[in-house]
Number of protein chains: 2
Amino acid sequence: MSEPVSHLQIALTSLPLCRQLDAEEIDALLRGTREHAFRRGEMLFSKGDPSTGFFSIIRGQIKLALPSPQGGEKVLEIMGPGQSFGEAVMFMEVPYPVFAQALTEGTALHISKAVLFAAMDRDPRLARKLLAGLSMRLHGLIQDVEAYTLQSARQRLVAYLIERAGDAPPLRAEVRLPTSKTVIASRLNLTPETLSRVLHGLAEAGLIEVRGRVIQIPDLPRLASENA
Amino acid sequence: MSEPVSHLQIALTSLPLCRQLDAEEIDALLRGTREHAFRRGEMLFSKGDPSTGFFSIIRGQIKLALPSPQGGEKVLEIMGPGQSFGEAVMFMEVPYPVFAQALTEGTALHISKAVLFAAMDRDPRLARKLLAGLSMRLHGLIQDVEAYTLQSARQRLVAYLIERAGDAPPLRAEVRLPTSKTVIASRLNLTPETLSRVLHGLAEAGLIEVRGRVIQIPDLPRLASENA
DNA sequence: CAGGCGTGTTGACGATCATCAAAAACGCGG
DNA sequence: CCGCGTTTTTGATGATCGTCAACACGCCTG
């Protein structure tokens, strides 16, 4: 009666969305789930594509971004293992408003709209989880708007560093940038040049020490007090 | 057996969220619904307040905004009759990330979290509707971020006018600004001075004609082509 | 080890938009 | 129709940040 437990099953079960789901539901979802290995630079989907389900990252990094008219781009989110994206578009009749491109090689799960909707009808907890997830996403976006419209370049960078520092020790905290400074800059709505200068400025003020992608923060509270 | 139909019942039934709900569910929601009359300038809730439910506007206008450190504010949304807000915070354990202030006198419904959650457990369509609503909200915010980060003041204003024009005749379209130019400016992330100048510029280019809060657009496609 | 590409830095310059100040126009109640 | 407060406009000035160009650096390959 019992099938061998695949690594897909394990991956699916460990999704936040799927916690509390019984084995039968997991199996049902599994039937609409495909593993997708991606290469660095690969487009998971483009802006304007129709949605067929949502993605969850197993390994590697993916960026969500908007193309700019002049051929550039604006990075909205840098996502890593355990994070998922593309849920919201499933519930609308519009195509993707952003594109998704791999920053590194890696693998992702694609869960089809059909099996998810079917599972939602059987287990109302799934809908609740999705609502919670979308709400968090919405909240994050509002914070981004707040940053873009109300804060200076320096304030945005400081806020980003502090968020990344998380619960590191308040003294001698260390932050490792998740990807290239160019991408980080776009995420913070800066040019690479401006990011470089602001980092330099913070270092000159003794608030941080930069060594490549690793940034030392000798006094986290003092850095935080910059952002009054 | 049948109660008199209150105006609250009518208001609730006409909510997009409540379409397709049977009379019993409406009555259940009704028990957690309160009517709230508000005056111009009244705060419905402040940033940091805990959520107890969501709001739906019956009559009047309400703005959602972020306070700025220097005492100013950034308007996120200008909402009118039929629109609702505050759904997302119900699904998180965090307080409101924005505040809501009345732009005019009016009335709103407040539907308590408790009765809504109970109704959701009985009717899965409610959850589906909420998911659709939140998804639209998310989509709108992404468009806002796109506008703030990728477009100039002029482009944002043109896009706003075109959106407001909706399906008006392509020639001789007329747009009425929903509120004061100061509030519109903040919504578009401009100062009132800049809004005034950009309006002037568009008028000078023959793209629009401004008479107070009424804006004539002699050639909608030509205005749209401004935003390449 | 040379060459080359992607990434990051630095400097000079400029454009867009905010700020400050003041006048003008509008709306509304008396 | 007048007066007064609010909203909007206009002008002068300036700050922040983007643009363009050149260069440094690491890293990988041939």
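How many residues surround DNA strand C, and which are the closest? DNA strand C is surrounded by 17 residues, and the closest are Lys181(A), Thr182(A), Ser196(A), Ser152(B) and Thr194(B). A residue is near a strand if its C-beta atom, placed from the backbone, lies within 6 Å of it. This is a predicted model, in which local features need pLDDT of at least 70, side-chain atom pairs count only at pLDDT 80 or more, and totals for chains, interfaces and linings use all residues. Residues are numbered from 1 along each chain as its sequence is written, while chains are lettered from A and ligands numbered from 1 in the order in which they are written.

**Surface near DNA strand C**
- At least two residues each come from helices H7 (181-187) and H8 (192-204) of chain A and from helices H6 (153-165) and H8 (192-204) of chain B.
- Helices (H or I, at least four residues) and strands (E, at least two) are DSSP runs, numbered from the N terminus.
- H8(A) gives the most, with 5 residues.

**Surface near DNA strand D**
- Around DNA strand D there are 18 residues, the closest being Ser152(A), Thr194(A), Ser180(B), Lys181(B) and Ser196(B).
- Two or more residues each come from H6 (153-165) and H8 of chain A and from H7 (181-187) and H8 of chain B.
- H8(B) supplies the largest share, 6 residues.

**Domains of chain A**
- Chain A is assigned domain 1 (7-139) and domain 2 (151-227), with bounds from an automatic or database domain assignment.
- Their contact (C-beta atoms, placed from the backbone, within 7 Å) takes 8 residues from domain 1 and 6 residues from domain 2 of chain A.
- On the domain 1 side, strand E5 (residues 73-79) of chain A gives the largest share, 4 residues.

Note on methods:
Two residues are in contact if their C-beta atoms, placed from the backbone, lie within 7 Å.
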